[in-house]
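Me: Here is a structure to go through. I want to know what stands behind the labels used for it.

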Amino acid sequence: MIKSQKQVKTLHTLLLYIAGFCLFLEWLYPLGDISETSIGIFVLFALYCFFISYFQLHWLISFPLKGFGLLVIIHMLYSETSFLDLNWIGEVLQEVAYNIGLMFSGEWYMLTTTFRSLLFLFLIWLMSYLLYYWFVRMKNIILFILLTFVYIGILDTFTVYEGSTAIVRIFVISFIALGMSSLSKETEAKRIPISVKERLKYWLLPLVLLVAVVTFIGYQAPKADPQWPDPLPFLEGATSNLGGDGSGTGRVGYGEDDSQLGGSFVQDNTVLFEATVEEDHYWRIETKDVYTGKGWETSRERNLLDQSDGQITLSTFENSVETDLLDAQITFTESNQLPKLVYPYGVSSITTEEDANYYLDESLEGIEITFMEEDSSLDAYEITYDNPSFDIDTLRDSSEQDSEEIQARYTQLPENLPERVEDLAAEVTEGYESRYDKARAVERYFSANGFEYQTTDIPVPEEEEDYVDQFLFETQIGYCDNFSTAMVVMLRSEGIPARWAKGFTSGERIDSNAEEETHVNQVANSNAHSWVEVYFPDVGWVPFEPTQGFSNMADFHTDVDENDSPMEEEEPLEAPELDQDEETEEEEGTEEADDQEEETASSDEQTGMSSQAGYILVGIAIVLVLILFVLYKKRREIRIYFLQRKLERQFDDTVFQEAYLYLLKLAKKKGFRRGSDETLREFARRIDKDLYTVEMSKLTRIYERMIYSKRLTGEKEEIIQLWKNLINQIMA
């Protein structure tokens with residue numbers, strides 16, 4: 001028994017929509033690999049939205065249903081109160097208002113996690129409708145398929161995501177969807193009766209088998225070597241390392257030349273090594289002590305101390321500092337070794353399976369390796385170290401005098417340093433007695449005074465300009481080098497020994513087993529970072545973190561309030577020469593900055609925006625493209641709508657002629673072509689015959705009378721209704 005056309009169309013609609021949903025999932029799957037996003041909840045929400053969109057409920061029903069689902073997920077992810085406790089909704093609305101303000105001010109990197117998730121869920125909501133329109137109503141799916149291939153190809157090339165299997169899945173889904181779409185267009189255009197059983201037996205089953213066979217052959221067939229080179233090494237080679245010549249746009253990563261700082265850089269997410277650790281901390285490489293006004297150099301000649309037994313004699317802090325004995329395993333990826341070892345504070349020994357010799361460069365405090373008397377690098381090694389925890393009370397009470405050597409070497413400043421830099425340092429530290437409090441005041445100065453973390457549009461100081469002066473008084477934007485150098489210079493101008501340290505932040509955690517004592521961090525070029533070390537006579541070198549959006553990775557403690565972060569261990573210090581209102585604003589700004597630091601990534605790989613926010617921007621761009629495409633595809637409906645409004649509001653000869661001529665143009669596009677020897681009335685009768693109507697002939701007679709008599713006759717409502725009926729029949 002032949003099924004009705006409605007049943008066949010329903011089956012076709014369902015299959016096409018399922019194909020669209022499967023393709024959309026390919027956009028979600030990579031997020032679990034390239035970020036810490038758990039995609040399960042987003043997949044469920046996508047399924048929920050697609051299910052509602054499929055039934056094409058009235059928007060008064062579908063909108064509340066999807067909105068309710070969105071609120072349920074936000075509550076599950078970020079609220080610990082009952083769903084019926086409506087206070088959490090007020091908190092969400094306040095957070096939305098706050099984040100919208102950040103967006104309008106251009107501070108995208110400060111968007112909160114809740115708001116990012118809200119945007120992403122809303123994007124899924126929009127996509128459920130757009131894909132229904134594309135796949136089911138327009139049956140025009142080529143563009144979305146191409147965008148999916150491009151999206152997966154880019155992620156496969158530039159991220160850790162392996163897209164080979166995804167490409168095969170997209171190929172299979174796309175060809176089945178294209179086959180269904182093509183057959184449906186043919187059967188509907190020519191009104192070919194076909195049952196559900198026939199469609200499955202003579203078309204869908206052969207199509208699936210054909211795609212499966214072609215996929216299997218393609219998967220098993222021998223593959224030729226790539227004909228095009230990998231673009232990533234080319235892009236890396238086209239840019240210079242961060243800390244190179246300091247001009248133009250460099251590539252973020254470790255570089256040995258820091259004599260000319262400044263300039264923008266682009267991200268390089270190439271993974272350098274993986275570290276199995278118990279605690280997150282800085283990965284140190286070297287320090288520098290001479291500030292030239294443009295960058296950093298070292299005051300001493302290279303002097304290597306033999307550490308061949310693997311016992312490192314580098315001591316950055318005194319024995320009185322509390323420590324925990326920890327181990328870390330470092331494994332470099334492929335050929336991405338560094339010329340020096342990365343090591344944590346308190347390193348005491350290094351072991352490796354290779355027969356290597358270790359040398360400590362006293363001038364930089366860098367550890368170098370030689371193998372067979374030639375400079376080399378290690379693929380893997382294990383480090384034993386004493387992880388320090390600094391006592392804040394001890395730091396505050398430090399009263400011993402610095403040695404002459406420390407004072408001479410680590411308070412050096414160029415003679416032409418602008419006086420206003422010293423004046424600012426004196427103003428910021430005024431009212432504080434201890435070295436620790438002064439260092440903390442300078443550290444907090446940047447977050448409390450509107451300085452912004454940014455990696456693009458960063459100027460290089462001119463010949464007569466000082467790097468720190470330009471940052472403090474002209475631009476107030478920059479990345480870690482700007483913040484850390486400025487803090488060192490400000491402390492030195494107050495006679496406090498400080499130096500510039502560089503290396504890497506802890507990287508990104510890639511395992512999720514919270515029960516294990518150790519975890520694995522992945523450290524990339526984009527984690528390259530610089531920070532500040534301040535000298536305390538009876539403690540040693542203590543790290544500080546002035547960079548906006550970053551938290552100090554060193555451990556601090558106090559007998560009064562046992563917290564690990566110095567941001568929370570002490571009550572806010574009062575700023576100098578501020579009235580009560582200004583003081584309150586600074587404290588609120590500091591607390592807000594601390595909250596933002598917890599929500600931003602703790603590495604230099606950010607360009608002022610987290611990875612999830614980056615994907616949201618990409619998603620927004622794609623949605624805009626989709627909207628433009630939909631507007632293009634619906635251009636006829638939009639034109640018809642405005643013509644109808646013109647007929648209703650301004651019914652005259654000109655408007656009617658425009659509407660009638662557009663009707664003829666539309667009929668031509670739908671296959672009703674007027675012959676060269678065919679009169680307008682004959683053409684109208686032929687259209688009426690095909691459409692089983694007489695309305696085209698009526699409207700044509702009205703048009704001819706208007707042309708010959710130069711005036712429009714007939715009832716306005718009747719003419720408009722004739723035109724609307726013909727439009728609907730031709731567009732059907």
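**Labels and their grounds**

Reply: Arg116 is buried, because its relative accessible area is 5% and the cut-off for buried is under 20%. The model is a predicted one. Arg116 sits in helix H6, residues 113–138.

Me: Why is Trp296 called buried?

Reply: Its relative accessibility is 1%. Buried means under 20%, so Trp296 counts as buried. Trp296 belongs to strand S7, residues 296–297.

Me: What is Trp296 in contact with, leaving aside neighbours within four places in sequence?

Reply: The partners of Trp296 are Asp258, Ser259, Leu261, Lys288, Asp289, Val290, Tyr291, Thr485, Val488, Arg492 and Trp500. To be listed, a residue must have heavy atoms within 4.5 Å. For Ser259 there is also a C-alpha separation from Trp296, 4.9 Å, at 37 residues apart along the chain.

Me: Why are H3 and H4 called roughly antiparallel?

Reply: Helix H3 (residues 40–54) and helix H4 (residues 59–78) pack at about 170°, their axes 10 Å apart. Angles over 145 degrees count as roughly antiparallel, and H3 and H4 are therefore given that label. On the H3 side the contact is made by Ile41, Phe45, Tyr48, Cys49, Ile52 and Ser53; the H4 side includes Leu65, Leu70, Ile73 and Leu77. By class, this contact has 10 nonpolar, 3 polar and 1 charged residues.

Me: Is Cys49 buried or exposed?

Reply: Cys49, one of the H3 residues in that contact, has 0% relative accessibility and so counts as buried. Cys480 has a relative accessible area of 1%, so Cys480 is buried as well.

Me: How many disulfides does a search of the whole structure find?

Reply: The search finds 0 disulfides. The test is a pair of cysteine sulfur atoms within 2.5 Å.

Me: What makes H13 and H16 roughly perpendicular?

Reply: The axes of helix H13 (residues 419–429) and helix H16 (residues 480–493) cross at roughly 80° and come within 8 Å. The range for roughly perpendicular is 65 to 115 degrees, so H13 and H16 take that name. Val421, Glu422, Leu424, Ala425 and Val428 of H13 meet Val489, Met490 and Ser493 of H16. The classes in this contact are 6 nonpolar, 1 polar and 1 charged.

Me: What is stated about phi of Glu365?

Reply: Phi of Glu365 is near 60°, a positive value in a residue other than glycine. Glu365 is in the loop between strand S11 (357–361) and strand S12 (366–371). With a relative accessible area of 14%, Glu365 is buried, because the limit is under 20%.

Me: Why does Asp457 count as exposed?

Reply: Asp457 has 62% relative accessibility. Exposed means over 50%, so Asp457 counts as exposed. Asp457 lies in the loop between strand S15 (452–453) and helix H15 (467–475). Phi of Asp457 is near 55°, again positive in a residue other than glycine.

Me: How far apart are Asp324 and Pro388 in sequence and in space?

Reply: Asp324 and Pro388 are 64 residues apart in sequence and 6.7 Å apart in space, C-alpha to C-alpha. Asp324 is in strand S9, residues 322–332. Beyond neighbours within four places, Asp324 is in contact with Tyr385, Asp386 and Asn387.

Me: And the chain as a whole: how many helices and strands?

Reply: The chain has 24 helices and 22 strands. Of its 732 residues, 48% count as buried. Among contacts between residues at least 6 apart in sequence, 73% join residues at least 24 apart.

Note on methods:
Residues numbered from 1 in each chain as written. Predicted model: local features only at pLDDT ≥ 70, side-chain atom pairs only at ≥ 80, totals over all residues. Heavy atoms only, no water. Buried < 20%, exposed > 50% of the residue type's maximum accessible area, 1.4 Å probe, protein only. Helix = DSSP H or I, 4+ residues; strand = E, 2+ residues; numbered from the N terminus. Axes fitted to C-alpha atoms, helices over the stretch in contact; angles between N-to-C directions. Parallel < 35°, antiparallel > 145°, perpendicular 65-115°, else oblique. Nonpolar A, V, L, I, M, F, W, Y, C, P; charged D, E, K, R; others polar.
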